[in-house]
Amino acid sequence: MKNLLRHIWRMLLNPVFREINELNSKLCQVLSKLESIEVSMGGGGTHRTVIDTQNLRFCPACNKISEFLPMGVNPRKNAKCPFCYSLERGRALWLYLQRNTKILDEIFVNKLEVLHFAPERFFYDKFSNCSKVNYFPVDFNPKFKGIRDVVDIQKIQYENEKFNIIICIHVLEHIPDDNTAMKELLRVLKKSGAAYIMVPISKSYSTTFEDSAHSTPELRLKHYGQSDHVRRYGMDFEQRLVNAGFTVNTIKTEEYFSERERAIYGIIPDYIFECSH
Ligand SMILES: [Zn+2]
């Protein structure tokens, strides 16, 4: 019965979602060929505004077309969706999960245990509204009231092999002992589960740079690019996950998404680390 439901779900609904995504991204592409459009802002058409269509993007997380906002210490253009607040890494992971894994099918069929560190708001909204998900949005320094537990990723309080899915984006670069954190993630992941880990990586660094002497916000900003980062990850990040015990499937967004998709969805050259036992 479960297999039948899973099959029906995959056959009927996934293509519909993909079609909506495709139609919206095509609309965005067409709009971007115009110089500008004039739109009514309500009030019987009395309030009108002109939008520069070159900057329009399509957010696959909330299915809205808009201009994305800049974000970051050195502001990145077209980074943040103004509706669901998704950023480049979150949108890339959401699209990858939609297209390449059975996870989003499973969510509507089986009860899944999902652990999510420092949750992105749009993931939080999707998972917390799904009755089939036993969702654990957690943080060490909770920033909003939806956080379920205060968790130190270096000493996770949950039992071994509890979770089917772990999502951990923009976290490890803040953690003093990231090797212990990675081992903890592996410990609480089910044998059949997957952990999705993403961090900023400096491609010009073959190995990760970390120096305990850089202990002030000013020095960390100077050497790591952000005042609350404790290292600058290099191209050895995958090996660091392997060293912690993970089997790693690395997805390069530059290869996985076409140039057109990256432009329309606001996705940067990046890596999704799909980690398992
Ligand atoms: Zn959005």
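Two strands count as paired here if DSSP finds at least two bridges between them. Keep that rule in mind for the tour. The model on screen is predicted.

Stop 1: An open sheet of seven strands runs in the order 9-8-7-10-11-13-12, and its pairing is mixed.

**Stop 2: strand 7.** Select residues 112-117. Is strand 7 enclosed or open to the outside? Five of its six residues are buried, so strand 7 is largely enclosed by the rest of the structure. Now show its neighbours. Strand 8 (residues 133-139) pairs with strand 7 in the parallel sense, over six bridges. Strand 10 (residues 163-169) is also parallel to strand 7, joined by four bridges.

Zoom to Phe117. Its bridge partner in strand 8 is Val138. In strand 10, the partner of Phe117 is Cys168.

With strand 7 and strand 8, helix 4 makes a right-handed β-α-β unit.

Stop 3: Select residues 178-188. Helix 5 packs on the sheet and touches strand 7, strand 10 and strand 11 (189-198). The direction of helix 5 makes about 145° with that of strand 11.

Then show the largest nonpolar core, which has 58 residues. Which residues touch the most other members? They are Val114, Ile166, Cys168, Leu185 and Ile197. Strand 10 supplies the largest share of this core, six residues. Colour by domain: domain 1 (2-63) and domain 2 (88-276) both give residues to the core, so it lies between them. In soluble globular proteins, nonpolar side chains tend to be buried together.

Centre on Cys168. Leaving out residues up to four places away in sequence, Cys168 touches Phe117, Leu185, Ala195 and Ile197.

**Stop 4: out to strand 12.** Select Thr247, which sits in strand 12 (residues 247-252). Is Thr247 buried or exposed? Thr247 has 11, so it is exposed. Beyond residues up to four places away in sequence, Thr247 touches Ser276 and His277. Finish with a distance label to Leu186: 9.9 Å from Thr247, C-alpha to C-alpha, though the two are 61 residues apart in sequence.

Notes. Residues numbered from 1 in each chain as written. Predicted model: local features only at pLDDT ≥ 70, side-chain atom pairs only at ≥ 80, totals over all residues. Buried ≥ 20, exposed ≤ 12 C-beta atoms within 10 Å, placed from the backbone. Helix = DSSP H or I, 4+ residues; strand = E, 2+ residues; numbered from the N terminus. Right-handed = clockwise from strand over helix to strand, strands pointing away. Contact = placed C-beta atoms within 7 Å. Axes fitted to C-alpha atoms, helices over the stretch in contact; angles between N-to-C directions. Core = buried A, V, L, I, M, F, W, Y, C linked by C-beta atoms within 7 Å. Domains from an automatic or database assignment.
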